[in-house]
Amino acid sequence: MLLLIAGCEIGFWLLVVAGLVARYPLRARRAGGVLLAAVPLVDLVLLVATAAHLRTGAEATWAHGLAAVYLGFTLAHGRRLVAWADVRFAHRFAGGPAPAALHGRAYARRCWADVLRTAAAAAVAAGLLLAGQRWIDDPARTAALDGFLPLLGVVCAVELCWALTYTVWPRSAPRTQPRPEPRAERRAGAR
């Protein structure tokens, strides 16, 4: 199960990178779009494989719970991760604008959007965990999944604290440092 999760994570990033490489350095926008559109198929493979494994009579382990958490995370945060990578690839390979560093209220707004995404990820993961427990209908076989629900609550609480912190104490803009004089000019000025 762990190998499947690791393979899906690797597959997720391979499809993202392949799609962005096709889109920007290779200038094959359609092929890049197809590769990026295929990213959710990785989640589908993991979902089907996990369900099939449990349906064969396997006892649920923490790896099955991790699969549910991974699915929730990629469904809720996957699009933002792809957009994050897309901006950087566009800047590096297609002359796009540099990624903007957020601060102040804009950064706080993004933190609150992350709270909503993380809550959605936790809801999806909890739904998958509860659906798996109900589908198997054998508490002895699914006992390992019980510990994930409080963990999801902790993750949501941490995300909420993060957003509250940056709302109360906004992230300040970076200070611009004056550029040092070239050495030749400093020597000439010292004479």
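**Note on the α1 helix and its partners**

1. Let's start with α1 and helix α3 (residues 39-55): they pack at an angle of about 170 degrees, with axes 8 Å apart. Axes here are lines fitted to C-alpha atoms, for helices over the stretch in contact, and angles run from 0 to 180 degrees between N-to-C directions. Helices are DSSP runs (H or I, at least four residues), and strands are too (E, at least two), numbered from the N terminus. So α1 and α3 are roughly antiparallel (an angle over 145 degrees).

2. A quick caution: this is a predicted model, where local features need pLDDT of at least 70, side-chain atom pairs count only at pLDDT 80 or more, and totals for chains, interfaces and linings use all residues. Residues are numbered from 1 along each chain as its sequence is written, and side-chain values use heavy atoms, leaving out hydrogens and water.

3. Who touches whom? In α1, L4, I5, C8, G11, F12, L15 and V16 meet V39, V42, L46 and A49 of α3 (contact means heavy atoms within 4.5 Å).

4. Now for α2: helix α1 (residues 2-23) packs against helix α2 (residues 29-37) at about 165 degrees, with axes 7 Å apart. That pair is therefore roughly antiparallel as well.

5. Finally, the record: UniProt (unreviewed entry) puts "transmembrane region" at residues 6-26, 33-54, 60-78, 115-136 and 148-169; such annotations may be inferred rather than shown by experiment. In the model, residues 115-136 are 100% helix and 0% strand, with end C-alpha atoms 31 Å apart. Residues 148-169 are 95% helix and 0% strand, and their end C-alpha atoms lie 31 Å apart.

Notes
Parallel < 35°, antiparallel > 145°, perpendicular 65-115°, else oblique.
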